[in-house]
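Thank you for having me, everyone; please take a moment to look at the structure as it comes up. I will go through a few places in the chain slowly, and you are welcome to follow along on your own copy.

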Amino acid sequence: MTVYRATPPPPDPAETTSRLPPVRRKRRIRRRRVMAGALGLTLLLLLATVILVSVYTDAGFSPDGTTPASASNDRVPEKVRDGGPVIDLTGGGEVRTYGMPARTIALTFDDGPDPQWTPKILDVLAKHRTPATFFVVGSQVARHPSITERIAREGHELGGHTFTHPDLAELPEWRREMENSQTQLAIANATGRSTRLMRPPYSSFADALTDKDWQTVQAVGAQGYLTVLDTMDSEDWKRPGADAIVRNLTPKGNEGQIVLLHDAGGDRAQTVAALDRLIPILQQRGYRFSTVSAAIGGQANPAAGSDAVWRGRTLVWTVRISDAVLNLLWVLLITAGGLIVIRTLILFLFAWRHSRHRHGPDWSWGLPVNTPVTIVVPAYNEEMTIGPAVRSLARSVHPGVEVLVVDDGSTDGTADAVREIGLKNVRIVRIPNGGKANALNAGVRLSRNELIVMVDADTVVEAEAVHRLVQPFADPRVGAVAGNVKVGNRRGLIGKWQHIEYVIGFNLDRRLYDTFGCIPTIPGALGAFRRAALTETGGLSTDTLAEDTDLTIAIHRAGWRVVFEESARAYTEAPATVKQLWRQRYRWSYGTMQSMWKHRGAVTDRGASGRFGRRGLLFIALFSVLLPLLAPLIDLMAVYGLLFLDREITLIGWLAMLVVQALTAVLAFRLDREPLRPLWTLPLQQIVYRQVMYLVLLHSALAAVTGRRLKWQTIHRTGDLSSAPVAGR
């Protein structure tokens, strides 16, 4: 074994974080970290706020009359039970009730405004010149202020029906007050007016009030509202047909009536048709139509104060922004689901075909390649792993293998561990610390052969791996070859999850990318290069933290083919703790984004560079950046759906996505000839591990957006490669 000392060229200035004085540099780094953290926290708070506002304003409700009430009414005063449908408790302890004058009808509509049905009902009322009272839901007013303004402009009356249509009897006092006050603000914003009328959701006739209902009436009266019940129910929420609605609303005598209809909450075509028939019938019988306030001698909708208008405007914009963001989230969720389906279909079609093609009896790269190979192993403080790695490489069956270990200024016993191996085809060169890319470039310059294999110091390879890895060089167009890297330490859950990720997310994707000729990354753990390709692209760059991705893209752009050789297997030590995993994936994600930005010009290039830019960069952007960033929405909206939407449909949708992931995993494991046993952890991986990867990618994206520079992150090694079949060699 020969020992060399070499001095590489000075590190690229881009690799240094800054040329500022230490104090100013620390302040700048601290500011950028604060900016990234603040931006991330802001996004999380915005998302949480949107969901809370959405849950509040989109609370589903059933139509009035469908919620059964208890029969107890001992606390309801007899004067109220036997009195009129309008109850006034605004005068303190005195209870007053009002009814409609004889042959007077007050048409009342609940649950609106609705963008489809309220305008049609207004058209019918305008046609017959008939006033009405609309008890509006505040959240709907906030969403449709122009319709609310039309109601007031055309002479109709507005009353409150709470902001989200809850059962007020089941709410605490503060929530009841908020429901009504927010409805007032929404009405003030839309019309500049207020209202003194309020109809509690799920209420009906005065003689049907229960003890709980009476508590609500008392609370509403204490807030200064008149409670307006009804005397005739159209039951249009049952959709019994226009004829039945007309019959339900036709008085038997001459008494005045407050009739209940709905202008929202579903299909109201029957209500519109019945109303157009009912009004002329009652007019012919001598009935007149009035608003509730006009019938009892009150003021319809007094002007609202300017402060109420401005507060209402703030409330409305909050609802609008929440709706817009939530709609965007649903669009992004659909986009993520579509990308998952597209990716799955493409993987099944092309990855399967790729495997069958490569295993076909007629498949061959060409004449056998037995050209001598130099294996460059960069090492920095790899005392625990360098021995098994070098032994496995030195014993490769390929003829003429030399192993060149580049000790990148290690401060431990890395060099001594290599010397102790004592094999003739192993060399070691020691250089000042300059980073992995710098060490690899030094190894390339000192190598003696035209074919160069790069292997990480924590990786062991199968005896045939190097020979199989270089066979694609029989094709003179091939400039680089990606090996099949597997996790060597799979004992714990984190190791098993990374093993699944390597097989599915890395190797299966490489089959797909290989089919389309756009493999984005030659893994640092095992990759082969033609010297001419390295020379033409200038070697490994220190511009990014993903030097392997950067180099691979550069080789593509130079016109060389980059292929995947699945039979060349290597086993690497994956991070064993969440902290180490975070640091590694943070660097990978950040470096990938750097590489994409660096090579963004390829999108508009011509020739090989343009073909890769418009194909490879698109694949990376869609499936390596956009899809992972959007995928958390599947889990987030699943939680949202389980809590606030149809739980059965939500659960079916989430399980369907899990089935898609499972089928993809089975395909990947079968193609890689891996046992399926680790897949029992897949559901748990989707719930736990996937969330960590989401946060890592989000962290990387925020760092990239804020311009934060990231240094190389070293990973603590344990030397555990117990799952590698060659570990004992």
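Let me begin just after helix α7, where glycine 224 takes a positive phi of about 95°. Keep in mind as we go that what you see is a predicted model.

Which residues of α7 are buried? They are Asp211, Asp213, Trp214, Thr216, Val217, Ala219, Val220 and Gly221, and these buried residues pack against several elements, among them α6, β7 (197-198) and β8 (226-228).

After α6 comes glycine 192, whose phi is positive, near 75°.

Now I would like to move to residues that are not glycine. Most residues other than glycine have a negative phi, and most peptide bonds are trans. With that in mind, consider the loop between β4 and α3, where aspartate 111 lies: this residue has a positive phi, near 80°, without being a glycine. Is aspartate 111 buried or exposed? Its relative accessibility is 1%, so it counts as buried, the cut-off for that being under 20%. The loop between β4 (104-110) and α3 also holds proline 113, and the peptide bond leading from glycine 112 to proline 113 is cis, with omega near 0°.

Arginine 673 also has a positive phi, about 55°, although it is not a glycine, and its place is in the loop between α22 (647-671) and α23 (682-706). Its relative accessibility is 60%, and therefore arginine 673 counts as exposed, for which the value must be over 50%.

Finally, a word about confidence. The protein averages a pLDDT of 83, and 85% of the residues score at least 70. Confidence is highest in helix α3 (residues 117-127), with a mean of 97, and lowest in strand β1 (residues 2-5), with a mean of 46. Over residues 1-20 the pLDDT is below 50, and in the model this stretch has 47 contacts beyond near neighbours in sequence.

Definitions and conventions
Residues numbered from 1 in each chain as written. Predicted model: local features only at pLDDT ≥ 70, side-chain atom pairs only at ≥ 80, totals over all residues. Heavy atoms only, no water. pLDDT = per-residue confidence, 0-100. Helix = DSSP H or I, 4+ residues; strand = E, 2+ residues; numbered from the N terminus. Contact = heavy atoms within 4.5 Å. Buried < 20%, exposed > 50% of the residue type's maximum accessible area, 1.4 Å probe, protein only.
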